[in-house]
Amino acid sequence: MSEDVNLHLQLARAHTRRQFLKNCQLGIGSIALATLLNRRGAAGETTADTTKPASSHEPHFAAKARSVIYLHMSGAPPQHELFDYKPELVKHHMQPCPDELLKGQRFPFIKGHPKLLGTPFKFKQYGKSGAWVSELLPQFSKQVDDVAIVKSMYTDQFNHAPAELFIYTGSSRAGGAALGSWITYGLGSENENLPGFVVLISGGTDPTGGKALWSTGFLPSDYQGVQCRTSGEPILYVNDPKGMDRGVRRRSLDALRRLNEFELQQFGDPETLTRISQYELAFRMQMAVPQVMDINQESKKTLEAYGAQPGGSSLANNCLLARRLVERGVRYVQLYDWGWDIHGTGPGDDIVNQLPKKCKEMDRPVAALLRDLKARGLLDQTLVIWGGEFGRTSMNEARGGSKYLGRDHHPHCFTIWLAGAGIKKGVTLGATDDLGYFITQGKMGVHDLQATILHLLGLDPWKFAYSYQGLQQRLIGPEGDAQVRQEILA
């Protein structure tokens with residue numbers, strides 16, 4: 001093959017479909033590109049200035065909430081030990097489980113005919129609302145009149161990763177857009193120097209669903225969640241290399257921007273806009289992120305209230321950081337705390353030994369977060385959500401004959417709570433049967449929760465969509481009967 005023929009072949013292979021359509025007589029490619037760019041603009045991005053991320057813009061209707069802090073206890077905390085007190089279950093502790101609770105049911109780990117498991121912990125009613133709360137949560141029990149407790153959540157997933165994906169993307173399969181991505185796509189960012197969607201992790205490991213839980217999915221990648229660390233560099237690889245000062249960095253970014261703009265003109269890939277804006281955001285974050293992540297700036301009294309320790313990695317530090325982030329205009333802050341998978345296979349994952357440790361780590365900082373937000377006037381504009389991915393069974397798991405107490409995965413009912421912007425104070429939604437196994441009133445599905453969150457942010461859950469794979473993709477699913485739960489709204 002001659003060199004000329006080989007060169008033409010290489011050029012033909014490099015000629016993308018988008019280039020072909022753009023340069024053909026009908027100009028279809030140019031029309032498609034204009035449509036894509038306009039769609040990004042509709043999401044809040046000013047395409048005329050590629051150096052800035054999505055700016056804050058108006059919701060569909062007046063919003064009650066400006067920002068969200070979602071506290072996810074990864075592994076699924078047992079509702080019977082924390083909020084859903086069942087004296088009948090305690091009364092029948094270690095008696096054979098009734099057959100009607102087992103008929104047609106699947107369990108990940110329970111084998112044979114299990115025994116009922118009553119909680120070993122004491123419960124009392126607190127506040128004017130009279131909410132039942134476990135002795136494991138002494139600090140939170142003082143905040144019950146500021147929250148709405150939902151005892152009737154359910155899901156259709158009973159394994160961790162699919163259940164977490166369902167809550168945060170609306171689908172049990174990877175590839176969907178995360179809740180935080182949807183929200184920042186719809187509302188933009190209030191601080192151009194910080195990400196609109198920040199993820200903080202404690203408990204020693206990532207949640208089971210992994211980074212797919214803060215993925216932008218099919219949405220433009222501007223809206224990807226940014227994971228920050230509480231020790232070492234807050235964000236990996238955001239700092240300049242050794243020997244490069246800020247002036248040199250600025251000049252290199254300017255040159256890189258020109259190259260990317262040239263590529264955009266040649267290939268028309270709208271993700272090139274994202275690349276430009278993300279480089280610029282990273283440059284601004286070099287100054288803003290270390291400041292916001294430095295909890296040494298907080299008073300000794302505040303650090304003690306949260307139980308936070310500068311330089312460490314803990315849920316306490318992350319709760320304090322969540323307040324600092326929303327205070328500075330971050331739209332959505334997601335906290336994941338691993339270690340709540342209480343199966344009872346040993347002392348490291350049982351109800352008697354491990355659960356009290358996790359509750360002690362969580363109770364103080366979460367209660368401090370609610371008090372702190374309220375004292376600063378931030379709770380009225382910040383929606384706070386606490387929960388896991390599913391519930392736990394009313395029976396003891398006893399995997400492999402274990403003598404430690406633990407509960408298996410249970411999709412039929414679990415407890416969450418919400419507080420802050422637009423949430424009715426001191427109410428309880430829903431109830432379960434005497435053994436805490438099935439919901440008896442007020443069933444609330446995952447899509448109901450998602451619809452309620454979007455509604456509080458001024459976003460119409462049914463109209464808020466993104467065209468992808470021939471469907472109008474929505475957080476609540478392309479189809480379905482999600483409801484905004486007015487029972488818990490102020």
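**Reading the model, feature by feature**

Modeller: Let's start with Arg324, which sits in helix H11 (residues 315-327). Helices (H or I, at least four residues) and strands (E, at least two) are DSSP runs, numbered from the N terminus. Residues are numbered from 1 along each chain as its sequence is written, and side-chain values use heavy atoms, with hydrogens and water left out. Keep in mind that this is a predicted model: local features need pLDDT of at least 70, side-chain atom pairs count only at pLDDT 80 or more, and totals for chains, interfaces and linings use all residues.

Biologist: Is Arg324 buried or exposed?

Modeller: We go by relative accessible area: under 20% is buried, over 50% is exposed, and in between is partly exposed (1.4 Å probe, protein chains only). Arg324 has 2% relative accessibility, so it counts as buried.

Biologist: Which residues is Arg324 in contact with, leaving aside neighbours within four places in sequence?

Modeller: Contact means heavy atoms within 4.5 Å. With those neighbours set aside, Arg324 touches Gln291, Val292, Asp294, Ile295, Gln297 and Glu298.

Biologist: Next, salt bridges. How many does the count come to?

Modeller: The rule asks for a side-chain nitrogen of Lys or Arg within 4 Å of a carboxyl oxygen of Asp or Glu. On that basis there are 20 salt bridges.

Biologist: Which residues are linked with Arg324 in a network of salt bridges?

Modeller: The network joins Arg324 to Glu298, Arg323, Glu327, Arg328, Asp372 and Arg376. Arg376 is partly exposed at 38% relative accessibility, whereas Asp372 is buried at 12%.

Biologist: And what does Glu397 form a salt bridge with?

Modeller: With Arg399, and the closest N and O atoms there are 2.7 Å apart. Glu397 is buried, with 3% relative accessibility, while Arg399 is partly exposed at 32%.

Biologist: Which side chain does Arg485 meet in a salt bridge?

Modeller: That would be Asp448, at 3.2 Å from N to O. This pair links distant parts of the chain, 37 residues apart: Asp448 is in helix H13 (residues 446-456), and Arg485 is in the segment after strand S17 (471-473). Both ends are buried, Arg485 at 5% and Asp448 at 9%.

Biologist: Since H13 came up, at what angle do H6 and H13 pack?

Modeller: Axes are lines fitted to C-alpha atoms, for helices over the stretch in contact, and angles run from 0 to 180 degrees between N-to-C directions. Helix H6 (residues 160-169) packs against H13 at about 30°, with the axes 9 Å apart. Under 35 degrees is roughly parallel, over 145 roughly antiparallel, 65 to 115 roughly perpendicular, and the rest oblique. H6 and H13 are therefore roughly parallel.

Biologist: Which residues meet there?

Modeller: From H6 you have Phe166, Ile167 and Tyr168, and from H13 Val446, His447 and Gln450. By class, that makes four nonpolar, two polar and no charged residues. Here Ala, Val, Leu, Ile, Met, Phe, Trp, Tyr, Cys and Pro count as nonpolar, Asp, Glu, Lys and Arg as charged, and the others, Gly among them, as polar.

Biologist: How about backbone angles? What is the phi of Met94?

Modeller: In general, most residues other than glycine have a negative phi. Met94 is not a glycine, yet its phi is positive, about 65°. Met94 lies in the loop between helix H5 (87-91) and strand S2 (123-126), partly exposed at 29%. Gln469, also not a glycine, has a positive phi of about 55°. Gln469 belongs to the loop between strand S16 (466-468) and S17 and is exposed at 65%.

Biologist: Finally, the whole chain: how many helices and strands does it have?

Modeller: There are 13 helices and 17 strands. Buried residues make up 54% of the 490 residues. Among contacts with a separation of 6 or more, 76% come from residues 24 or more positions apart.
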